[in-house]
Amino acid sequence: MFSIDRLRALAAVAAHGSIAQAARTLHLTPSGVSQQLAKLEREAGHSLLQPHGRSVRLTHAGRVLAAHADRLIAQLAAAQADLADLDDEVLGPLRIGGVGSAVRALLPDALAALVAAHPRLVPTVVDGEAVELLPRLVDGGLDLLLVESWAPRPLAVPEGVALRTLVTEEVYVALSVRHPLADRAVLDLTARADLDGLAATAWACCPPGTEAYEALVQALRTRGIEPDVRYVLADHLTQLTLVAGNLTACLVPAMSRWPAPPGVRFLPVRPALRRDIRVAWPTRAESPPVRACLAALAAVPGTTHGEGGTE
């Protein structure tokens with residue numbers, strides 16, 4: 001492993017053509033620079049300098065190593081500048097996770113604004129459910145999450161995680177136009193005929209343990225119905241393709257209704273079902289990139305603009 005101080009000495013000699021001038025640039029004595037270069041030659045296993053009149057010049061090995069030294073010194077300078085800017089500048093990685101529908105509906109505008117305003121920011125995105133992504137947020141593998149919280153089953157987050165609601169939206173039951181209940185204006189969960197029709201219907205839903213699955217189960221169980229979940233599918237659009245074929249029903253939040261295949265009706269429910277999209281982040285890690293992303297998400301049309309702060 002080469003010492004960075006010895007590489008600096010070699011780069012200075014390469015730039016100035018003499019040990020004496022390199023010593024003045026580095027604020028060292030000429031003998032100090034010579035000692036650094038002698039140690040570097042032993043580390044490199046090659047002669048790096050050769051006499052040239054009253055001065056020195058680099059050997060071929062010296063020129064090769066000096067070129068690497070220049071790049072390393074420049075990278076270190078950039079790293080030092082980035083670290084000095086961290087308290088104020090929005091730069092470096094920003095690791096975002098989120099439920100697919102929220103990623104699709106909210107992130108594109110927010111990320112476009114972020115990277116335009118902060119070109120040194122490097123966002124990455126992974127989609128998934130809160131049950132799998134929240135542990136990564138807590139462990140430091142992610143910086144920020146877009147999660148869903150359904151009214152029948154509010155999302156619980158670990159201590160030290162802040163939440164802010166971005167969107168509150170209505171949830172619909174998606175049915176095929178051929179379903180016996182498709183002619184309803186509203187599905188009434190207090191009406192026996194509607195409950196019987198839903199009890200006889202197969203359901204598509206996200207996997208067990210997800211917020212969407214637990215919300216469906218709780219919403220129907222409180223009415224005495226055990227949902228017949230036959231299709232376990234994480235993507236709402238995939239669920240809707242089965243609905244269009246009159247194979248199943250599913251719960252669909254407002255932002256996931258488009259694009260929908262032909263032959264699907266979206267029926268509101270009474271009492272109304274709601275879903276919140278919330279942004280979550282560790283309070284201990286509220287870095288400038290996280291703060292900038294929170295502001296960008298709050299500026300997306302249709303969000304609540306951060307009203308009410310954290311929850």
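These notebook entries record what I looked up in a predicted model.

**Entry 1. Ground rules.** I worked from a predicted model, in which local features need pLDDT of at least 70 and side-chain atom pairs count only at pLDDT 80 or more, while totals for chains, interfaces and linings use all residues. Residues are numbered from 1 along each chain as its sequence is written, and side-chain values use heavy atoms, with hydrogens and water left out.

**Entry 2. His179.** I looked up the position of His179 and found it in the loop between β6 (161-176) and β7 (187-188). Helices (H or I, at least four residues) and strands (E, at least two) are DSSP runs, numbered from the N terminus. Is His179 buried or exposed? His179 is buried, at a relative accessible area of 11%. Buried means under 20% relative accessible area, exposed over 50%, and partly exposed in between (1.4 Å probe, protein chains only).

I then checked the partners of the His179 side chain. A polar contact of 2.8 Å links it to the side chain of Thr201, and one of its polar atoms lies 3.0 Å from the backbone nitrogen of Leu181. A polar contact is a pair of N or O atoms within 3.5 Å; within protein, one must be able to donate a hydrogen and the other to accept it, and residues adjacent in sequence count only if both atoms are side-chain atoms. Not counting residues up to four places away in sequence, His179 touches Gly197, Thr201 and Asn246. Contact means heavy atoms within 4.5 Å.

**Entry 3. Helix α8.** I noted that eight of the 11 residues of α8 (residues 211-221) are buried. Among them are Tyr213, Leu216 and Leu220. Which strands do the buried residues of α8 pack against? I found β5 (144-150), β8 (202-205), β9 (228-232), β10 (250-253) and β13 (273-282).

**Entry 4. Nonpolar cores.** A nonpolar core is a set of buried Ala, Val, Leu, Ile, Met, Phe, Trp, Tyr and Cys residues joined through side-chain atoms within 4.5 Å. The largest has 28 residues, and Leu114, Leu144, Val279 and Leu297 have the most contacts inside it. Helix α5 (100-117) is one of the elements that each supply at least two residues of this core, and α5 gives the most, with seven residues. I also listed the contacts of Leu114 beyond four places in sequence: Leu94, Leu121, Ala292, Cys293 and Ala296. Apart from this core lies another, of 25 residues, including Trp203 and Leu220.

**Entry 5. Salt bridges.** I recorded 11 salt bridges in the structure. A salt bridge is a side-chain nitrogen of Lys or Arg within 4 Å of a carboxyl oxygen of Asp or Glu. Arg184 forms one with Asp183, with the closest N and O atoms 3.5 Å apart, and one with Asp194, with the closest N and O atoms 2.8 Å apart. Arg184 lies in the loop between β6 and β7 and Asp194 in helix α7 (residues 192-199), so this pair ties together parts that are 10 residues apart in sequence. Asp183 is exposed at 62%, Arg184 is partly exposed at 26%, and Asp194 is buried at 4%.

Elsewhere, Asp276 and Arg278 form a salt bridge with the closest N and O atoms 3.0 Å apart, and both residues are buried. Finally, I noted a network of salt bridges that links Glu148, Glu169 and Arg275.
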